[in-house]
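User: I have a protein model open and want to go through it step by step. Can you help me read it?
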Amino acid sequence: MSRAVPRFRSPLTFVAGAALIAPLALLGAGPASAALEFTVTPLEFTVPAGDGTCTVDADLYRPAGVDAEHPASAVLVTNGFGGSKSDGSTATMGKAFAARGYVGLVYSGLGFGESGCLITLDDPAVDGRAASGLVDFLAGTRAADDGTEADFVTGDGPGDPRVGMIGGSYGGAVQLATASVDHRVDALVPLVTWNDLAYALSPNATGAVRGVSSDTPGVFKWQWTNGFYLMGEVQPLLVPGLDPSRSGSLTCLHFAPRACDTIRLLNSGRYPADRTEAMLAYARSVSPAAYLPAVTAPTLLVQGQADSLFNLNEATATYRTLRAQGTTTKMIWQAWGHSGGQAPGELDLATGNLETSYVGQRILAWFDRYLRHEEDTDTGPAFAYYRDWTSGYGTAPAVPALSRTMYLSGDGTLVDSRAEVTHGSRRYTNRLLPTSHSESSLAGLIGLTDPAPYDTRGTHLGWTSAPLTAPVDVVGAPRATLKVNSPAAERVQNSGDAADKLVLFAKVYDVAPDGTQRLVNRLVAPVRVPDVARPFTVELPGIVHRYEAGHRLRFVIAAGDTAYFGNRGVKPVTVVSAPRDTGVLMLPVVGRPSPERPHSTAPGPGTEGT
């Protein structure tokens, strides 16, 4: 994970020890707001997974006074990619819920820490089924390998414990995977996770056929993907006495073969139709996009606005799918994600400030309602989003719709009506190396100086609005409909290799009165154009941003970007604008917030905003 978000990238070390008493004074435990003492017991499980079994390393957090006569609901917690049960954030969640009276079972995901088996990218048949084996333990129908049994978890029926799940990133997707194969799970809180790995690792912001999924292979996000690949491959070198089930082939030490095949194909820069179709099918088979129809557990989605790995569009796709099928679902967009962005007072998993943060209160309310069955608990609005201009949260009954339309004029301006469009054509061309920089580079991820976003002259086009006469609040994903001319791309786009299709990158800047520009959360929309002879629509990453009065919006199309693979060969691009044939930019704009009813960072969960 990103250097800026250590909550999901803790050192890969295992802390062994006997049971201990660990009071957590900072967290309330129920209405009395008194932290409970609890014991922590290391356990090991052998559970079914895929076609065999896997060993799972876990810690059981048991509140004082919880026994067969006084059972409690349970929370299952696991780590993000590269972490383990001993991560500061993962362990802190176990402590936080135990201090509040929940039984916590915190475990290292398959292939991490001291758990066995290869990394299968949260495959429901493997990782989901393994987690289901831990639910068996909480149900009292399976013992730990040392014979320990759990007869102290509240049940909804024989063999059915009352259990929720929480975790971030890799530990977020596994919740949905588990709930798709085991309907005994009663509540989910996936944080900053993906909807479709094909989109996350090789995004295509055009041609979506469902949610964020596109039939046309996207643009390889090489920095993030290879960072995770290397993180996974060094696991065997960092864990002494490695479980033999975690040893793969010499060319793929720690991942399941199909996961490695996917990464190798993306790195090859060549995407022949047959191999690419298989790659997309595999990536989606281990993604919520494929199995959400089987998820019925009430789900509170939390996604980060500063996240170039899993952007807001991924959570929105999951949110809309779950709600459309009748699954109880709410969503929060917080400030921080994999790319940093932590705001004062927000949820911090490393400290466990559940009681004092807005998102933390919402999580506690969610589990109180669906695990403790506290019927009068208000779980908050359907949709909430962090507003950095008020340091608090706004709310809405749904993700705002596109409501403001602007047009790309031939003179490089962004105007409010077609009548204002000036006829003209403008041209850019790519180079063999990237000439634009948007997302944090690998230098930034490992602590070196990372340059500000830039676009090299001649390799991009921009359209800039007049200064705004009033603030404009954008909440959601802007959308652009474009038509470009590129004879060089058109000649080769049907070669049978998707890598020959035109690649471009779309983004929206905030330009201050002094001319300085800001790329909000450094987000960009990579596009592999299916057919340059036809118009195409680009859905940009979702943002929450106020464009202040006097500022200008600037829409940019760039030829390349340092975080992604680009065009194969040089492909000049021309954009022609005319009143009847021009690009369109649509923005999800919301009304100005009421000064009489601001949100703080920690209001009651049910407090409504504007």
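User: Which residues form one aromatic cluster?
Analyst: This is a predicted model. In it, one aromatic cluster is made up of Phe81, Phe112, Tyr170, Trp194, Trp224, Phe228, Tyr229, Phe255 and Phe310.

User: And how many aromatic pairs are there in the whole structure?
Analyst: A search of the whole structure gives 22 aromatic pairs. One of them is Phe112 with Tyr170, an edge-to-face pair with 5.6 Å centre to centre and 80° between the planes.

User: Why does that pair tie together parts that are apart in sequence?
Analyst: Phe112 is in the loop between strand 4 (103–107) and helix 2 (124–139), while Tyr170 is in helix 3 (residues 170–181), so the pair links parts that are 58 residues apart in sequence.

User: Are those two buried or exposed?
Analyst: Phe112 is buried, at a relative accessible area of 0%. Tyr170 is buried too, at 5%.

User: What about Trp224 and Phe228, why is that pair stacked?
Analyst: Their ring centres are 5.9 Å apart and the planes are at 15°; planes under 30 degrees apart count as stacked, so this pair does.

User: Where do they lie?
Analyst: Both are in helix 5 (residues 222–233), 4 residues apart, which is about one turn of the helix. Trp224 is buried, with a relative accessible area of 7%, and Phe228 is buried, with 11%.

User: New topic. Which ring does the charged end of Arg62 sit over?
Analyst: The ring of Phe152, with the charged end 3.9 Å from the ring centre. There is also Arg426, which lies over the face of Trp463 at 5.1 Å from the ring centre.

User: Back to helix 2 and helix 3. At what angle do they pack?
Analyst: The angle is about 80°, and the axes are 8 Å apart. An angle of 65 to 115 degrees counts as roughly perpendicular, so helix 2 and helix 3 are described that way.

User: Which residues meet there?
Analyst: From helix 2, Pro124, Asp127, Gly128, Arg129, Ala131 and Ser132. From helix 3, Tyr170, Val174, Ala177, Thr178, Ser180 and Val181. By class, this contact of helix 2 with helix 3 has 6 nonpolar, 4 polar and 2 charged residues.

User: Where does Gly352 lie?
Analyst: Gly352 is in the loop between strand 12 (329–336) and helix 11 (358–370). Gly352 is buried, with a relative accessible area of 1%.

User: What separates the C-alpha atoms of Gly352 and Phe97?
Analyst: A distance of 9.4 Å, although Gly352 and Phe97 are 255 residues apart along the chain.

User: What is phi for His373?
Analyst: Phi of His373 is near 55°, which is a positive value in a residue other than glycine. His373 is in the loop between helix 11 and strand 13 (383–387), and counts as partly exposed at 36% relative accessibility.

User: And Asn521, what is its phi?
Analyst: Asn521 is not a glycine, yet has a positive phi of about 55°. Asn521 is in the loop between strand 24 (517–519) and strand 25 (525–528). At 24% relative accessibility, Asn521 counts as partly exposed.

User: Last thing, the whole protein. How many helices and strands?
Analyst: The protein has 13 helices and 31 strands. It has 610 residues, of which 61% count as buried.

User: What share of contacts join residues at least 24 apart?
Analyst: Among contacts between residues at least 6 apart in sequence, the share is 75%.

Terms used:
Residues numbered from 1 in each chain as written. Predicted model: local features only at pLDDT ≥ 70, side-chain atom pairs only at ≥ 80, totals over all residues. Heavy atoms only, no water. Phe/Tyr/Trp six-rings, centres within 6.5 Å; stacked < 30°, edge-to-face > 60°. Helix = DSSP H or I, 4+ residues; strand = E, 2+ residues; numbered from the N terminus. Buried < 20%, exposed > 50% of the residue type's maximum accessible area, 1.4 Å probe, protein only. Lys NZ or Arg CZ within 6 Å of the ring centre and 35° of its normal. Axes fitted to C-alpha atoms, helices over the stretch in contact; angles between N-to-C directions. Parallel < 35°, antiparallel > 145°, perpendicular 65-115°, else oblique. Contact = heavy atoms within 4.5 Å. Nonpolar A, V, L, I, M, F, W, Y, C, P; charged D, E, K, R; others polar.
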